[in-house]
Amino acid sequence: MIEASKSDLLRPPGSSEEDNAPGNVDSILQSILGRGGERFGMAAAGVRKRGTGQRITFDDRFHLGSCTKAMTATLVAMLVEEGKLNWTTTLGELFADTVKPMHPAWEKVTLRQVLAHRASLRHEPGGLAQVLNELVGRPPRAPLGTLPQQRLEIARQALSRPPGIAPDTKYWYSNVGYVLAGAVLEQLTGRAWEELMRERLFQPLGISTGGFGPPGTADKTEQAWGHSPVLGKPLDPRSPAAELPLFYGPAGLAHMTVTDWAKFIALHLRGDPANPHCHATLLKLDTFAEMHAVAPPTTHSKGWVMRGITRLATGDAAPAVTYCAGWFISTASWAKGTQPGDTGRRLWHAGSNGRWNCGVVIAPEIDFAVLVACNRGWLGIAAWKTRQTLKALIRTFAPKRTS
């Protein structure tokens with residue numbers, strides 16, 4: 001977990017280093033973790049691996065799960081600014097030469113709809129059965145070939161079938177959609193998504209610990225290990241049970257330290273035009289505004305499974321939540337700024353591959369962000385403690401309105 005005291009860009013306006021002393025964060029973490037700190041941890045408290053006494057530090061790398069989606073959307077936005085794409089470019093245009101046959105229902109689906117989970121693409125390549133298999137530690141088999149070839153094969157499988165519901169009628173969270181977005185990036189650039197992430201995002205932002213898949217080394221604990229979601233069993237980072245196939249990268253396989261993750265979060269915090277200290281980097285202000293725009297509400301998402309998973313992962317009960325380009329968007333009174341037109345808009349997301357768990361909330365109007373990372377999966381106590389930590393840090397460090 002990291003909050004304002006670890007980065008000037010994330011420090012609440014008008015506060016001092018003493019006001020946000022790390023000791024305050026330590027006490028919050030320790031009080032919430034309790035005895036759970038002997039079985040897993042958050043940066044920087046608790047243990048790297050259950051059954052050991054090795055403590056987590058701010059140099060440990062954490063798996064970000066679906067919080068990677070905003071990074072993939074940022075890469076897409078870069079190509080939009082370069083004129084290689086448009087938010088309204090359709091799947092029919094993007095895959096005309098590589099996906100044959102494509103079901104006609106997909107031809108007019110836009111990239112914007114894909115990134116907003118409104119394309120009606122399946123949640124996983126294998127559907128609900130795959131979701132249930134992942135819960136018991138059975139990751140799906142990856143297609144043959146290089147990672148770009150695997151992602152293109154996932155696109156072919158997804159777009160050859162008819163959608164379950166008409167596109168752009170309902171929100172339906174889809175990892176497949178972001179795998180397709182990665183395939184689009186790869187087709188247009190001739191580079192693997194992983195290369196684009198390193199060259200166009202990690203290096204410019206000074207992210208030196210970024211990688212993909214589970215961090216750490218087999219049989220060593222120089223980094224935190226992930227833990228299974230229900231029983232909390234530590235998982236060797238190179239075992240098949242530790243990760244989903246690497247073709248999932250654009251949908252959620254990035255890892256890094258929380259201090260490096262904060263650099264990416266600061267990019268979106270300060271890039272938002274509603275931030276009183278806004279300063280656009282890598283992208284234009286108008287592009288950040290497009291990525292952070294309010295979209296149709298997600299409250300009518302299809303199926304109790306995804307509603308339950310989203311609610312469990314995020315703990316958010318806002319009445320009107322929307323999704324746009326890698327961010328859930330809703331409002332909260334504590335996030336409301338003092339400028340005319342401020343609404344308390346906040347961007348947020350949760351991430352988990354079932355072995356790790358994290359969450360982030362950005363409040364642009366008050367120039368504030370908080371992020372939490374945990375090395376245990378999103379089911380059960382770890383998800384609850386992650387949400388409790390986010391709430392506690394917001395209560396403690398978010399700037400208070402004076403009028």
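**Strand 10 and its neighbours**

I looked up the bridge partner of Thr331 in strand 10 and found Arg345. The model is a predicted one, in which I read local features only at pLDDT of at least 70 and side-chain atom pairs only at pLDDT 80 or more, while totals for chains, interfaces and linings use all residues. Residues are numbered from 1 along each chain as its sequence is written, and side-chain values use heavy atoms, with hydrogens and water left out.

I then noted that strand 10 (residues 345-351) pairs with strand 9 in the antiparallel sense over four bridges; strands are DSSP runs of E with at least two residues, helices are runs of H or I with at least four, both numbered from the N terminus, and two strands pair if DSSP finds at least two bridges between them.

Strand 9 also pairs with strand 8 (residues 322-324), again in the antiparallel sense, over three bridges. Here I found Tyr323 opposite Phe328 of strand 9. In the hairpin of strand 8 and strand 9, two residues lie between the strands, and Ala325 takes a positive phi near 50 degrees.

**Salt bridges around Glu82**

I looked next at salt bridges (a side-chain nitrogen of Lys or Arg within 4 Å of a carboxyl oxygen of Asp or Glu), of which the structure holds twelve. Glu82, Lys84 and Arg200 are linked in a network of them. From N to O, I read 3.5 Å for Glu82 with Lys84 and 2.4 Å for Glu82 with Arg200. Glu82 lies in the loop between helix 2 (69-81) and helix 3 (91-94), whereas Arg200 lies in helix 8 (residues 193-205), so this pair ties together parts that are 118 residues apart in sequence. Glu82 is partly exposed at 38%, as are Lys84 at 45% and Arg200 at 28% relative accessibility.

Another salt bridge joins Arg191 and Glu195 at 2.8 Å, N to O.

**The whole chain**

Finally, I noted 13 helices and twelve strands in the chain, and that 58% of its 403 residues count as buried. With contact meaning heavy atoms within 4.5 Å, I found that, among contacts between residues at least 6 apart in sequence, 67% join residues at least 24 apart.

Technical notes: Buried < 20%, exposed > 50% of the residue type's maximum accessible area, 1.4 Å probe, protein only.
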